[in-house]
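User: Hi! I would like to learn how to read the geometry of a protein model. Could you take me through one, feature by feature?

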Amino acid sequence: MSQNPIPVLIVGSGAAGSMLALELARFGVDYRCVDRLPAPSRYSRAVTVHARTLEMLERIDTSLIDRFLKRGVHSPGYVMHFIDGTGARSEVRPGLDFTQLTSSRYPLLLLHSQDETEAHLRNVLQEKYGRTAEWGVTCTSVVQQADGVLATLQHADGREEQVQCRYLVAADGGNSRIREQLDWQKDGTDYASTVLQNLDVYLHDFPDHKQWVHYCMGPGHFVMVVQLPGGYFRLLMSQPADKADAAEVPQKVFSDILAQHFEGIRLGDTVWHSRWGSRIHLANSYRQGNVFLAGDAAHVHSTAGGQGMNCCMQDAYNLGWKLAYVLQGLAPATLLDTYDSERKPIGSQVIAAASTIHELFMAGRNSDPAALLALQASGKLQALVGQVSGLDYHYRAAGDDKPGLQAGDRMPDLQLPQGRLYELSRHPCFTLLLVSQAVTSPAQYAQLEALVQRNPHALQLLALDKAPAQFLQDSDARLYLIRPDGYLALQVPASDLESLEHWCQAHLLL
Ligand SMILES: Cc1cc2nc3c(=O)[nH]c(=O)nc-3n(C[C@H](O)[C@H](O)[C@H](O)COP(=O)(O)OP(=O)(O)OC[C@H]3O[C@@H](n4cnc5c(N)ncnc54)[C@H](O)[C@@H]3O)c2cc1C
């Protein structure tokens, strides 16, 4: 390893790579981010930004969340349209209801193009930190070294460059070359029976409400209709492989199916058409030595439920502060192992939720509103909404089903006398929330202050005079240690400062 390796090399400036670059810049960590494309893609694959991602964007930067909320279409959820063999239509509205996500400030589904999602991240990165990705640069080889990684970069003009870095993050997409080169094992299957195609198109005389996601199902067909900012629509079709005919003109196939569901609808100009086979894979580990996988490089699944890009961005959000803390000497290198132990189980749950929605709706077998209503009545569909929104995913230890807020839980946004918790904890430190100072002895409080003062780069104290109404109604004072990414690291009675000190000594270099 040379004297001055770059701390982090990010390969890929898609959703995962751009998010990681923004996080590293926000934490003051130097990095390079390269992408083999000559310029950012102008096409959108993902069209949904979920509640947990919106919370994450808000925690990062207010100007970031404002851009999303202003540009995106605010959708209440999905309507399921059915047509039976006789041509009779019925619907379930809402089929998936995102307005019930009341634990979040964002009880909605934001319809927003992926190219614009990535552009917002890159624009904030450039405006606030003066950083840009290096386009037209391909990572062609990666070699693990004792305490770092040696990467070879090929520039657009043919120049080859050797780069040494402490850590390399492969955010290079589903066909990750780095994953293949390092012979990384992954579990996978193909939805061999499913071919997907999208047609981004203007629609004339769409007779229904444009803010819903419309799932249209009938004998042997599935088409999704979603309006995007800019006024055009994403049409997505899922077909059994043996029925999919590549020679068919997509405009005609989509038009024929939509005409069965919507009176008078007409297709206008096409923006983009693409066709692909659905598949699943999950890397058997998210880390090998000093190389990490993030985003689609680690997990790929059906687009059903629109979780993919959200999960990719949240991988990066989980990894960013950990890399920063280790590189800045605020935490031991073992913190980086928790990226795999936390994010791989989430990858697995995301795959399960996407596969369930895929099988329920997109596999072309379901044209029965009664079955859907039964699922709705059982609460199973609402549980799926909690998952795909990202709000119900957590990092609790396996088997921990204790009630109330526990370590690993997403910390909700509380209205506090000083302001909202998410606003007050928008900093690169752990937040030590004391609820409440009124029932804490002066000696305990002084001890807490001393702990924080010894560690100003890692800890910030937020003391409440009294417990907010919606919080735990505990007569004892409690301490909530909230990680920089908004998940709870620890909660203990304020009298148990020993446990807090012990946790800090084990997990932070104080
Ligand atoms: C049609 C479709 C619809 C979808 N809809 C949704 C949705 O509604 N919601 C949702 O959340 N997700 C959705 N997804 C999934 C989502 O698009 C992906 O999960 C997401 O784009 C993955 O982001 P990423 O950054 O991991 O990878 P990518 O976006 O694939 O980015 C990888 C980047 O790495 C670069 N790269 C690759 N190899 C190299 C190399 N060797 N050197 C340098 N650069 C390299 C590539 O050029 C690329 O820019 C959809 C996907 C598809 C196909």
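This is a predicted model: local features need pLDDT of at least 70, side-chain atom pairs count only at pLDDT 80 or more; totals for chains, interfaces and linings use all residues.

User: How many residues surround the ligand, and which are the closest?

Analyst: Residues are numbered from 1 along each chain as its sequence is written. The ligand is surrounded by 32 residues, the closest being G12, G14, G173, G295 and G308. A residue counts as near the molecule if its C-beta atom, placed from the backbone, lies within 6 Å of it.

User: Which elements supply at least two residues of that shell each?

Analyst: They are α1, β2 (31–35), β9 (137–145) and α7. The largest share, four residues, belongs to α7. Helices (H or I, at least four residues) and strands (E, at least two) are DSSP runs, numbered from the N terminus. By class, the shell has 11 nonpolar, 15 polar and six charged residues. Here Ala, Val, Leu, Ile, Met, Phe, Trp, Tyr, Cys and Pro count as nonpolar, Asp, Glu, Lys and Arg as charged, and the others, Gly among them, as polar.

User: How are α1 and α7 arranged relative to each other, roughly parallel or roughly antiparallel?

Analyst: Two packed helices are described by the angle between their axes and the distance between the axes. For α1 (residues 15–26) and α7 (residues 308–327), the axes come within 8 Å and cross at roughly 30 degrees. That makes α1 roughly parallel to α7. Angles under 35 degrees count as roughly parallel, over 145 as roughly antiparallel, 65 to 115 as roughly perpendicular and the rest as oblique. The axes are lines fitted to C-alpha atoms, for helices over the stretch in contact, and angles run from 0 to 180 degrees between N-to-C directions. The contact of α1 with α7 has 14 nonpolar, one polar and two charged residues.

User: What about α8 and α10: at what angle do their axes cross?

Analyst: The axes of α8 (residues 337–362) and α10 (residues 380–388) cross at roughly 135 degrees and come within 10 Å. These two helices are therefore oblique to each other. On the α8 side, Q349, A353, T356 and I357 make the contact, while α10 brings L384, Q387 and V388. Contact requires C-beta atoms, placed from the backbone, within 7 Å. This contact has four nonpolar, three polar and no charged residues.

User: Now the strands. How many bridges join β24 to β25?

Analyst: Strands of a sheet pair through backbone hydrogen bonds, either parallel or antiparallel. Five bridges join β24 (residues 478–482) to β25 (residues 488–493), and these strands run antiparallel. Pairing needs at least two bridges found by DSSP. In this pair, L481 stands opposite L490 of β25. The two strands form a hairpin with five residues between them, and G486 in the turn has a positive phi of about 85 degrees.

Conventions
Two residues are in contact if their C-beta atoms, placed from the backbone, lie within 7 Å.
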